Amino acid sequence: MDCREIRVDMRKMTPEEMAEGQRGAKLLFRLNHTEPMTEEYQAVMKELFLGKIGEGSYVAAPVAGAALNMVEIGKNCYINSNSLLMARGGITIEDDVMIAANAQIISNNHDLYDRQVLLCKPVLIKEGAWIGAGATILPGVCVGKNAVVGAMSVVTKDVPDNAIVVGSPAKIIKTI
C-alpha cells in the first residue's frame, strides 16, 4: 500500500469534485432512508460506492462519511450500522471482512495550521479482518489479514496479520 500523504485544499475543489460530493451526500441520505434488505437498498448502496462493492457484501444503515466514491469493498463483507467512512485518502476493504457497529475508518485529518487542508493517507483492511464495535482506524493504517481489532480500540499504526489488538492506542495482545 502506498502511504504517501496527499494534501487536499478544500477551498480549491474542482467543479467535478464538488459535484461528486453532492452526489455522495444525496445518495448517503437516500440509503439511510431506504428500507433495508430490499432491491432498492442494494441498488442505492451500489450506486453510492460506484459499484466498487463485491458480491455478498452489505453496509447497514445508517452510514456516515465523505468521499465514499473512494471506498472499495471486497466480497462477503459486512459493515454494521453507524459506521463512519471518511474516505478522502482512500479506504480499501478486502474480502470477508467484518466491521461491527459504530466503527470509524478515517483516511484523512485536518492540517494543524490550516484546517481547510486535509492530510490524506489510505487505509487498508485486509482479507478476513474483524473490526470490533466502536473501533477507530486512523489514516495510513493497514489492518493485516485475519487480524482482530478489539472494541473501542484506536488503531494508530499497522496491525500485523493474525494479530489481536486492543486499547488506545491499540497494542498487540495475542497472535492467532
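At 42% relative accessibility, asparagine 102 counts as partly exposed, a class that lies between buried (under 20% relative accessible area) and exposed (over 50%), computed with a 1.4 Å probe on protein chains only. Asparagine 102 lies in the loop between β8 (98–99) and β9 (104–106), where strands (E, at least two residues) and helices (H or I, at least four) are DSSP runs numbered from the N terminus. Its phi is positive, at about 65°, although asparagine 102 is not a glycine.

The model is predicted: local features need pLDDT of at least 70 and side-chain atom pairs count only at pLDDT 80 or more, while totals for chains, interfaces and linings use all residues. Residues are numbered from 1 along each chain as its sequence is written, and side-chain values use heavy atoms, with hydrogens and water left out.

**Backbone features in loops**

Leucine 50 also has a positive phi, of about 55°, although it is not a glycine. This residue is placed in the loop between α2 and β2, and at 47% relative accessibility leucine 50 is partly exposed.

Two cis peptide bonds may be described here. One joins alanine 61 and proline 62, with omega about 0°; proline 62 is found in the loop between β2 and β3. Another runs from serine 168 to proline 169, with omega near 0°. Proline 169 belongs to the loop between β18 (163–166) and β19 (171–175) and touches Val154 and Thr156, not counting residues up to four places away in sequence; contact means heavy atoms within 4.5 Å. The C-alpha atoms of proline 169 and alanine 151 are separated by 12 Å, and these residues are 18 apart along the chain.

Proline 62 is also among the contacts of serine 83, which touches Pro62, Val63, Ala64 and Ala103, not counting residues up to four places away in sequence. Serine 83 is found in strand β6 (residues 83–86) and is buried, with a relative accessible area of 2%.

The table gives the accessibility of selected residues.

| Residue | Relative accessible area | Class |
|---|---|---|
| Serine 83 | 2% | buried |
| Proline 169 | 39% | partly exposed |
| Asparagine 102 | 42% | partly exposed |
| Leucine 50 | 47% | partly exposed |

Helix α1 (residues 15–32) has 18 residues and reaches 26 Å from its first C-alpha to its last, close to the 26 Å expected at 1.5 Å a residue; the expected span is 1.5 Å times one less than the number of residues. The buried residues of α1 are Gly24, Leu27, Leu28 and Leu31. Seen down the helix axis, they fall within an arc of 105° and so line one face of α1, the arc being that of the directions from the axis to the C-beta atoms. An α-helix has 3.6 residues a turn, so residues three or four places apart point the same way. On the other side of α1, Pro15, Lys26 and Phe29 are exposed. The cover over the buried residues of α1 includes α2 (39–48) and β3 (63–66).

In α2, the buried residues are Tyr41, Val44, Met45 and Leu48. They fall within an arc of 100° seen down the axis of α2, so they line one face of the helix. These buried residues pack against α1 and β2 (58–59).

**Strands and sheets**

An open sheet of four strands has the order β4-β7-β12-β15, with parallel pairing; two strands pair if DSSP finds at least two bridges between them. Its edge strands, β4 (71–73) and β15 (142–143), each pair on one side only. Within this order, three bridges join β7 (residues 91–93) to β12 (residues 123–125), and isoleucine 91 stands opposite valine 123 in β12.

Strand β11 (residues 117–120) has Val117 and Leu119 pointing one way and Leu118 and Cys120 the other way, and all are buried. Four bridges join β11 to β1 (residues 6–9), and these strands run antiparallel; isoleucine 6 stands opposite cysteine 120. Three bridges join β10 to β11, also in antiparallel fashion, with histidine 110 opposite leucine 118. β10 and β11 form a hairpin with six residues between them.
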